[in-house]
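Visitor: I would like to learn how to read a few local features of a model, one after another. Could we take them in turn, with the general idea before the case?

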Amino acid sequence: MHRPLDIAIIGAGMSGLFLGHKLNQAGKKFTIFEKGHEVGGTWRENTYPGLHVDVITRSYEFPFARSRHWSRRYAAGSEVRSYLNDVARRCDLERHIHFGVEISSAVFEDGRWTLTSTDGDSRRVDVVYAGTGFLHRPVTPDMPGRDSFAGPAFHSARWDHSVDLKGKRIGVIGTGSSGIQIVSELGQRGHDVTHFMRTPQWIQVKENPSISRLEKFLLGFPALSRYWDQRMRKLKIKTDGTENWKLTPGPERDEMTRRFLKVLEEQVPDPELRAKLTPTYQLGCKRIPKSPAYYKVIQQDNVRPVFGPIERIEPAGIVDGEGSLHELDVLVFATGFDSHAYMRPMQVVGAGGVTLDELWKDSVYSYRGVALPHMPNFFLLSGPFAPVNSLAIPSSLDDESLFLLKALDIIERDSVALAPSTQATERFCDQLGDAAERTTYALCDNWYRDRGGVPVLWPWARERHREQFEQLDLADFDRFSLAPDEEHRVADPV
Ligand code: NAP
């Protein structure tokens, strides 16, 4: 290779920033294309009342940008957003970011990728990293009368802050993490809330203590911060158990189920309401929302649960499955995301004209969460099968970056474009599919599962995730020629 590689990262959310820092450290030339006007991805888009990180926030920090300024153990979304903006500044990433550029297509031609944005501009690059996340396309289900509602109606990830909620009757649809956090917050603020629950959730009641000034001061000392983190890890295992009970159903999960039921019994004395709030599916199958307040809030006079399916939406409100109309002024769809969109709607066309939509026609998949056959030098950050529950996002990104930087060294050294072979990808997917089907995640309907029913997440213990990235086996990859400059080169396997 006689010129530095041109590298593009798509998205300045957590993954784009993380990899950007790694590339910066390695002295690479790269650009981050970000469709928004600020970094943060999902933490920029979600601003709903009550948004908090639901894992211990210290474990959500980047290992290279520690913070000791969180106000609580589970910090508010606004704090995470500020933190990510701060990381972009501290890690000198801002100058690499082109804001307001939405990449609509990526086409591999003549040994390089042509990236075209929605404004029609094109750039040619050698290597692409898609850091687009997977919970970025809100879904508003197509229920009868959905668009007839007379008042303001919006998705949880598109909160309309211009709507004054004071004195309004607010309907919230959905019992995922977003719905539970929204109802907890609005209920605590004294708003009139009706919560529509098609499926009651297992909810973890977790206190969220503030972090004192003394603790923040002590966190400035490395030895003390290590001690604090260790204490938090122990506490996490004590409250959440190990990750194994979600992977392998067995006695530990039975014990966790008993614990959840006991808390529900303590918090909801009315047996009739308690029965309605008790899920009928296995604990851990859907992602568990955490809230210190939800069970208390749902019993307050200003909050009403409505169980079962929704029959239709009318201008005046929602008609439930029993035909009763619940009159509302504001409607919130906390109804989740198209979790298997990944970088789409971007059009991706790889070697030989193979498209991403063709590859993912039956279900989404990847080679180890980071690459796809026929897509030379196109890598995914937190792609299909990357850990969703078993590993905090920064740890998972740290593992992925290790591998991606190894691959980048080879790309540069050998002037090649690498794509995993179809056989290596199938081998990985077969092993993963077998393991995934044995996990708790396969036992109910949830956003992890693809059309074939396989949960698209990491089904093994966390150590195995690191191990798979410690070695890069070139035998797993097809090699394509990489254009040395803008001259025409045919990108056939070499
Ligand atoms: P979600 O978990 O997919 O929940 C969507 C909810 O909408 C479900 O309760 C679903 O009911 C309901 N729903 C969908 N269509 C419906 C319909 N036609 N009628 C009635 N109800 C309907 O979405 P989410 O709450 O936005 O959470 C998604 C993920 O984002 C979470 O699992 C988590 O990974 C992440 N998240 C994290 C945080 C955090 O860390 N603080 C906060 C929010 C979200 P069914 O269950 O019956 O399908």
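Visitor: Is Phe 221 buried, partly exposed or exposed?

Guide: This is a predicted model, and a residue is called buried under 20% relative accessible area and exposed over 50%, with partly exposed in between. Phe 221 has a relative accessible area of 40%, so Phe 221 is partly exposed. Phe 221 is found in the loop between α5 (213-218) and α6 (222-240), and its C-alpha atom is separated by 45 Å from that of Leu 443, which is 222 residues apart from Phe 221 along the chain.

Visitor: How many aromatic pairs does the structure hold, and what kind of pair do Phe 18 and Phe 64 form?

Guide: The structure holds 26 aromatic pairs. Planes over 60 degrees apart count as edge-to-face and those under 30 as stacked, while the rest are tilted. The rings of Phe 18 and Phe 64 have planes at 65° and centres 5.1 Å apart, so this pair is edge-to-face. The pair links distant parts of the chain, with Phe 18 in helix α1 (residues 14-25) and Phe 64, 46 residues apart from it, in the loop between α2 (42-45) and α3 (77-90). Phe 18 is buried, at a relative accessible area of 1%, whereas Phe 64 counts as partly exposed at 23%.

Visitor: What kind of pair do Phe 134 and Trp 447 form?

Guide: With their planes at 35° and their centres 6.1 Å apart, the rings of Phe 134 and Trp 447 make a tilted pair. This pair, too, links distant parts of the chain, 313 residues apart: Phe 134 belongs to the loop between β7 (127-130) and β8 (153-155), and Trp 447 to the loop between α13 (422-437) and α14 (462-470). Phe 134 counts as buried at 19% relative accessibility, while Trp 447, at 31%, is partly exposed.

Visitor: Where does the charged end of Lys 286 sit?

Guide: The charged end of Lys 286 sits over the ring of Tyr 281, 5.5 Å from its centre. Arg 464 likewise lies over the face of Trp 460, at 3.7 Å from the ring centre, and Trp 460 is one of the residues that ring pairs link into a cluster, Phe 469 and Phe 477 among them.

Visitor: What should I look for in the backbone?

Guide: Most residues other than glycine have a negative phi, and most peptide bonds are trans. Here the peptide bond from Arg 344 to Pro 345 is cis, with omega near 20°, and Pro 345 is found in the loop between β15 (330-333) and β16 (347-349). Asn 377 has a positive phi, near 60°, and counts as buried at 0% relative accessibility.

Notes. Residues numbered from 1 in each chain as written. Predicted model: local features only at pLDDT ≥ 70, side-chain atom pairs only at ≥ 80, totals over all residues. Heavy atoms only, no water. Phe/Tyr/Trp six-rings, centres within 6.5 Å; stacked < 30°, edge-to-face > 60°. Helix = DSSP H or I, 4+ residues; strand = E, 2+ residues; numbered from the N terminus. Buried < 20%, exposed > 50% of the residue type's maximum accessible area, 1.4 Å probe, protein only. Lys NZ or Arg CZ within 6 Å of the ring centre and 35° of its normal.
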